Amino acid sequence: MYNLLISLAVGIVVALLVKLAGFSLWAGLIPGIIALVGTFVLLARRVAGRIQALMTVVQQDLQSQPTSQKDAQSKVDRAVKTLEQGLVYDKWQFLVGPEIHAQIGMLKYMVKDLDGAKSHFEKASSRNYMAKAMQGALYYQRKDFPAMKAAFEAAVKSGKKESIVWAVYAWCLLQNKEKDDALRVLARGVEENPKDEKLKASLAQLQNDKRLKMKPYEPMWWQFGLEAPPMMPPMGGGGRRMQFITRR
């Protein structure tokens, strides 16, 4: 990546300048390393600042209530175009491209552009648990169950402290008549989060042959689009606000 190459060049130049000043090359090693690290941190912060500025624009746009499905789609289209501007920094800084692809994939998924979401999820960071969980939900809807499980496994690996990813994983398994696997997933979730009452309640529901209730995981549950909310208010007001999900 360009930032690393520039930082290496700065470190080498500093070490050589120390050498030219009459000291040994070894004497220039520490100043060179300090210059390398300092330059890399400064360049990384500059890129991070520019990406954050794009994220702020997207968040501000998505915070307003869409008046119709067309308006919601228009907002997402604008947000995607804004985020795509950040892809120019993919060659400058590690992980920038995969994280932006994750954000674009989630936006497209939430407006049911599954083909568009799928292409971005494939390039997304595995560290973004929400993107991986949505990818798992997408594969569930496409009935690609091996890919679904692989995506959800990545989601619970990076988001093991997030009850929503365990619950959605189990819900999809249940819909596919894999109750034993769903029980194992929830048991793993409880093991990772022994104080999480929502996961413990969900596990108890399945152990007692009851329906898995997703209400405790609202409103994030609705982001997955696997069930419709009980009451859909008019699009003119009072409806669900589109949320821009970021990885913590």
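Helix α6 has 13 residues and spans 18 Å from its first C-alpha to its last, close to the 18 Å expected at 1.5 Å a residue; the expected span is 1.5 Å times one less than the number of residues in the helix. Helices are DSSP runs (H or I, at least four residues), numbered from the N terminus. The structure is a predicted model, in which local features need pLDDT of at least 70, side-chain atom pairs count only at pLDDT 80 or more, and totals for chains, interfaces and linings use all residues. Residues are numbered from 1 along each chain as its sequence is written, and side-chain values use heavy atoms, with hydrogens and water left out.

Twelve of the 13 residues of α6 are buried, so the helix is largely enclosed by the rest of the structure. Buried means under 20% relative accessible area, exposed means over 50%, and partly exposed lies in between (1.4 Å probe, protein chains only). The buried residues of α6 include Tyr129, Met134, Leu138 and Tyr140. Their cover includes α4 (96-110), α5, α7 and α8 (163-175). Just after α6, Lys143 adopts a positive phi of about 60°.

Salt bridges were also examined. A salt bridge is a side-chain nitrogen of Lys or Arg within 4 Å of a carboxyl oxygen of Asp or Glu. A search of the whole structure finds ten of them. One of these joins Asp115 and Arg142, with an N to O distance of 2.7 Å. Asp115 lies in helix α5 (residues 114-121) and Arg142 in the loop between α6 (129-141) and α7 (145-158), so the pair ties together parts that are 27 residues apart in sequence. Asp115 is exposed, at 56% relative accessible area, whereas Arg142 is partly exposed, at 36%.

A further salt bridge links Asp113 with Lys108, whose closest N and O atoms are 3.4 Å apart. Asp113 is partly exposed, with 27% relative accessibility, while Lys108 is buried, with a relative accessible area of 16%.

Within helix α10 (residues 197-207), Glu197 and Lys200 are three residues apart, a separation of about one helical turn. An α-helix has 3.6 residues a turn, so residues three or four places apart point the same way. The side chains of Glu197 and Lys200 form a salt bridge at 3.1 Å, N to O. Glu197 is exposed, with a relative accessible area of 53%, and Lys200 is partly exposed, with 31%.

Salt bridges also connect Lys149, Glu178, Asp181 and Arg184 in a network.

Definitions and conventions: Helices (H or I, at least four residues) and strands (E, at least two) are DSSP runs, numbered from the N terminus. Contact means heavy atoms within 4.5 Å.
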